[in-house]
Amino acid sequence: MRECLSIHVGQAGIQIGDACWELYCLEHGIQPDGVVLDSQHNQLENAKTEHTNASFDTFFRETRAGKYVPRALFMDLEPTVIDGIRTGQRRSLFHPEQLLSGKEDAASNYARGRYSVGSEVIDLVLERTRKLAEQCGELQGFLIFRSFGGGTGSGFTSLLMERLTGEYSKKTKLEFSVYPAPRVSTAVVEPYNSVLTTHSTTEHADCTFMVDNEAVYDICHHKLGVERPSYANINRLMVQAVSSITASLRFEGPLNVDLIEFQTNLVPYPRIHFPITTFAPIVSADKAYHERFSVSDITTACFESSNQLVKCDPRLGKYMACCLLYRGDVVPREANAAIAAMKARHSVQFVDWCPTGFKVGINNRPPTVMPGGDLAKAHQALCMLSNTTAIMQAWARLDHKFDLMYSKRAFLHWYIREGMEEAEFLEAREDLAALETDYEEAGQSF
Amino acid sequence: MSDTLTLDVIGRRVEVNGEHATVRFAGVVPPVAGPWLGVEWDNPERGKHDGSHEGTVYFKCRHPTGGSFIRPKKVNFGIDFLTAVKNRYVLEDELQEDGKEQTVTIGNKPVETIGFDSIMKQQSQLSKLQEVSLRNCAVSCAGEKGGVAEACPNIRNVDLSKNLLSSWDEVMRIADQLRHLEVLNLSENKLKFPSGSAPLTGTFSALKVLVLNRTGITWAEVLRCAAGCPGLEELYLESNQIFISERPTDVLQTIKLLDLSSNQLIDENQLFLIAHLPRLEQLILSDIGISSIHFPDAGIGCKTSMFPSLQYLVVNDNQISQWSFFNELDKLPSLRALSCLRNPLTKDDKDTQTTRQLIIAKIGQLKTLNKCEILPEERWGAELDYRRAFGNEWKKAGGHQDLDKNRLSEEFLAAHPRYQFLCLKYGAPEDGELKRQPLMLKNQLLTLKIKYPHQLDQKVLEKQLPGSMTIQKVKGLLSRLLKVPVSDLLLSYESPEKPGREIELENDLKSLQFYSVENGDCLLVRW
C-alpha cells in the first residue's frame with residue numbers, strides 16, 4: 001500500500017491536474033462523483049490481480065460511503081482557476097478541503113509566490129497535506145504539478161518543496177513541470193521565475209519531468225489534426241504521459257516500476273535529474289486502425305524528436321539513462337528485441353560510463369483515451385523517460401533570456417519590492433551555470 | 001508441410017521470407033521433377049512471371065511479375081490460432097521452471113507431480129486474456145475444434161491483422177469459439193468473402209467493432225458479412241477500392257461509425273445509398289477524392305432527411321474547392337463537428353483564419369471545426385464579419401433594409417443560403433457599415449471650414465483635421481493661428497445638413513469624432 005500524494009500548484013498545475021484525474025477516473029471506471037460503476041465491480045472481481053483494491057489505494061482513498069476520493073491537493077493563490085474545478089464536472093469527486101485558493105494572486109512574480117503572498121498560505125497548505133498524509137498507510141512520495149514560468153508555480157512551489165523536505169525528508173518528490181515554451185511566451189518574466197525556482201527547488205526534488213507547451217502544441221497541430229490547439233488539447237496529451245508514468249503504481253503488471261525505481265535508474269547524479277518525456281504512438285482519432293504500430297515501431301518513434309514533449313534535439317547530446325514504460329499488449333520478448341535493435345543503432349549515443357542504460361517496465365493495461373478526444377486508442381503504447389545531456393540546450397536558452405533582461409535590470413524592481421535581493425538573482429544564475437557545466441561534464445568521454 | 005499436396009491448398013494464404021502470397025497452383029511443372037506450388041505474391045513485383053512457364057499457362061496473375069513457382073518445403077502455411085496465442089503469451093520462463101513438487105495421494109501411495117504448477121499457471125494466464133494482439137503471427141486457421149474455446153474463451157479484443165487467414169469461413173471458425181468477442185481487426189488479410197448470404201449462426205452476436213482495412217473487400221461482401229453482426233457499431237473499410245453498389249436494407253442499421261477513407265472510387269452519388277443508416281454518427285471520408293456534395297431533397301435553408309444522426313464528418317485530404325460544399329453541409333440536421341483539413345479551398349496558409357470564419361458562418365449548428373471548439377464569441381464574430389463582407393453583394397442582388405421589400409436573386413440565395421437568417425439575427429447591414437474605404441490617414445481626415453462669427457473680416461479657413469483630435473488640441477491650433485489665448489476660445493460647429501443648429505464643443509478632453517463632426521462641417525470660433 002504505497003500511496004502517492006499529488007499536489008497541483010498554480011493554473012498550469014491545476015488544469016493539468018483536472019485532465020489527469022479525469023483520465024485516472026476513466027481508467028479505473030470511477031464516475032465523476034467518485035462512485036465505481038457496478039459493471040466495473042464485476043470486472044474487479046474477475047481481474048487477474050489479487051490486490052485489486054491496492055491499485056486504487058495508491059491514488060484514491062475509499063471512504064466509508066464507498067466513494068473514491070483522490071489523494072490530491074489543488075492550490076492556487078487566486079480563486080478563478082480553482083473555482084473552475086469547484087463548479088466543473090468533477091466537483092463531487094474532491095472534498096472541499098482539497099481545493100485551496102487564496103485571494104490575491106502572485107501576478108507572475110516569483111517573489112510574491114515565495115515570500116509575500118505565498119508565506120501567508122503555506123501553513124494552511126502544509127496542514128492539509130499533513131491530513132492527507134495521515135490518511136495514508138505508507139506514503140511513498142509526492143507528485144508535484146506546476147509550471148516554471150508562473151508566479152505561484154515558481155514561487156510557491158519553491159517554498160512548498162522546502163517545507164516538505166523539512167517535514168517528510170525520506171519521501172520521494174517527483175515534479176511534473178511545464179517549461180516555458182521557446183517561442184510562445186505567456187509572461188515576459190518567465191526566465192526570471194524559471195531560473196529562480198530551479199535554483200531553489202533542485203536540491204529538494206528527486207526527479208523533474210519536463211514538458212513544454214510548444215512541443216505539445218506542434219504535436220497536436222501536425223500529428224493530431226487540431227487546427228489551433230488549446231490548453232485542453234495540450235493537457236489531454238500531457239496527461240497520457242503522466243498516466244503512463246504512474247500506471248505501474250495503479251495497476252499490477254509483469255514488470256512494474258515504482259517511484260523509487262525511477263530515481264535509482266534515471267538519476268546518475270543528484271543534480272542531473274531532468275529527464276525528457278517522449279510518447280508513442282501519437283495517432284489522430286480520425287486515422288484509427290489505419291496504421292498499425294508494432295512494439296519496435298513505437299520504440300523507434302520514441303527516439304525521434306517529433307514525439308518529444310520538450311523541444312530539444314537529442315542528437316546533439318548523449319543519453320545517460322532511459323526508462324521505457326510499455327503499456328498494453330506488450331510481451332517482454334518483444335520489448336527486449338526492440339531495445340536490442342535500438343542499442344545497435346549508431347544514432348542513439350550513450351555516455352561512455354553508462355553502457356547499458358535501459359530500464360524497462362511493462363504494464364498490461366492498455367492506455368485509455370478520453371472519449372471525443374484527439375488521440376486514437378492504441379493496443380500498445382510507450383512512454384520513454386530519458387536523461388540526456390541535450391536538455392542542456394533548454395537550460396542554455398533560458399539562461400540566455402535571463403541574462404538579456406538582467407543585464408539591464410529590467411523588471412527587477414517588481415521582485416525587489418516584494419522583499420527579494422539582487423544577490424538571490426546572482427546566486428540563482430550561478431547555480432544554473434553550474435548545472436550547465438555539470439551536464440557538460442557528464443557528457444564528456446573519459 | 002508434408003510433400004503430399006492436395007488440391008485444397010489452392011487459395012491458401014502463405015508466407016515466404018516475410019512476403020505474403022496466395023497459392024494458385026499445385027502440381028508438377030515439367031521439365032523439373034517434384035511438386036511445385038504456384039503462388040501469386042501480394043507485392044506485384046516480387047515474382048518472376050505471370051503464371052506461365054515455357055509457353056504453358058499454369059495459373060493466372062494480375063501482374064506480369066506477380067507469380068513464382070516455389071517448392072512446398074520453403075513455404076510457411078501458418079499456424080493455428082491457439083498455437084499463435086501460446087507462442088506470444090506464455091512466458092518461456094514458466095516452461096523451464098522446475099515445478100514444485102506436490103504430493104497427491106492415490107490410494108495410499110504419494111504421487112509426485114512435477115511441473116503441474118507451471119502448467120496450471122500457463123492455463124490460467126491464457127484464460128484471463130481479454131485483449132490479444134496477433135498481428136503478423138502467421139495465423140492461418142482456427143485449429144482443433146473447441147481448442148480455442150477451452151483455452152482462452154474470454155478474449156474480447158483480437159488483432160489478427162496481416163496474418164494468413166484465407167477465408168471468412170475460417171475467421172468464423174475462430175470467432176465461433178470466442179463468445180465475448182467485441183473487437184475484431186482483420187486488416188491486411190486477403191480473405192475470400194462469402195459469395196452468397198450465409199446462414200445466421202450467432203457467431204458475432206457480441207461484436208461491436210469490425211476492422212477490414214486493406215482486405216480488398218467489396219461492398220456486397222461487406223453487407224453479407226455484416227449480416228452476421230447484429231450489434232455492429234463501428235466498421236472500418238479503409239483502402240479497399242470500394243464502390244458502394246447497393247443500399248443496406250436490413251444490415252448495418254446499428255452502425256455508429258463508418259470509415260471509408262482512401263476508397264478513391266467513391267463519389268457523392270454513392271453516398272445517397274448510405275444516407276439512411278439511422279444511427280450513423282461519425283462518417284470518415286478522408287482521401288476519397290470528393291469535391292462536391294448535394295442533398296437534393298432539401299431546398300435552400302432547409303434541412304435534409306439524409307444522414308439524420310450524423311454528428312461528425314471528416315473530409316480531410318479531398319478535392320473540395322467550392323464554398324457550395326459547406327452550404328450543403330448546413331442542411332445536415334445533426335452535424336456538430338467537421339474536419340476538412342488539406343483541401344484546395346482550405347490549403348492557402350495566409351487565409352486560414354478567414355477560411356475558418358467563413359466555414360463557421362456557413363454552417364450554423366457547428367460546434368467544433370478541425371478539432372477546435374467554436375466558442376460563442378467566435379461564432380458571433382464570424383457571422384457578423386460574413387454579414388458585412390457580403391453586404392454589398394446582397395444589396396446588388398436585391399437586398400433591402402426593410403426585410404419585407406427583399407427580393408433576392410436566386411444566385412445570391414444559392415451562394416449565401418444563411419444570409420437571410422443572419423439578417424434576422426443581427427439586423428440587415430446598414431450602409432454605413434458597408435462603406436469600405438482603405439484605412440489610410442487621409443481618409444480619416446475631416447475637411448472643415450473655420451468661421452469667426454464675431455470677427456467678420458477674418459477669412460474663412462479650410463483645414464483638414466483628424467477626427468480623433470481632441471477639442472483641446474483644436475483650440476491650441478486655433479490659438480496659435482489667431483494669437484488668442486486658449487482659455488478665451490469657445491468652439492461650436494454646425495452642419496450644412498442641419499442649418500441653424502449649432503452644437504457646442506464644450507468638453508476639451510473629447511474628440512471631434514465624439515461630437516459627430518463630419519466632413520464638410522463648419523467650426524465656429526468665438527472669443
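Colleague: Which is B:Cys229, buried or exposed?

Modeller: This is a predicted model. In it, B:Cys229 has a relative accessible area of 4%, under the 20% that counts as buried.

Colleague: How many disulfides are found over all chains?

Modeller: A disulfide is a covalent bond between the sulfur atoms of two cysteines. Here a search of the whole structure gives zero. A:Cys20 has as its nearest cysteine sulfur that of A:Cys25, 9.9 Å away; the cut-off is 2.5 Å. A:Cys20 is buried, at a relative accessible area of 2%. For B:Cys229, also in no disulfide, the nearest cysteine sulfur belongs to B:Cys225, at 7.4 Å.

Colleague: What is the area buried between chain B and chain A?

Modeller: The size of an interface is often given as the accessible area lost when the parts come together. For chain B and chain A the figure is about 2,500 Å², with 44% from carbon and sulfur atoms. B:Arg88, B:Glu131 and B:Lys371 supply 27% of what chain B buries against chain A, more than any other three residues. In terms of contacts, 37 residues of chain B meet 26 residues of chain A.

Colleague: How many salt bridges does the rule find across the interface of chain B and chain A?

Modeller: Six. B:Arg88 and A:Glu334 form a salt bridge through their side chains, at 2.6 Å from N to O. Polar contacts join 15 residue pairs across the interface.

Colleague: Which elements give two or more residues to the side of chain B that touches chain A?

Modeller: Among them are helix H1 (81-89), strand E10 (131-133) and helix H9 (352-362) of chain B. The residues on that side of chain B divide into 13 nonpolar, eleven polar and 13 charged.

Methods. Residues numbered from 1 in each chain as written. Chains lettered and ligands numbered in written order. Predicted model: local features only at pLDDT ≥ 70, side-chain atom pairs only at ≥ 80, totals over all residues. Heavy atoms only, no water. Buried < 20%, exposed > 50% of the residue type's maximum accessible area, 1.4 Å probe, protein only. Contact = heavy atoms within 4.5 Å. Buried area = accessible area lost by both parts, 1.4 Å probe. Salt bridge = Lys/Arg side-chain N within 4 Å of Asp/Glu carboxyl O. Polar contact = N/O pair within 3.5 Å; in protein donor to acceptor, adjacent residues only side chain to side chain. Helix = DSSP H or I, 4+ residues; strand = E, 2+ residues; numbered from the N terminus. Nonpolar A, V, L, I, M, F, W, Y, C, P; charged D, E, K, R; others polar.
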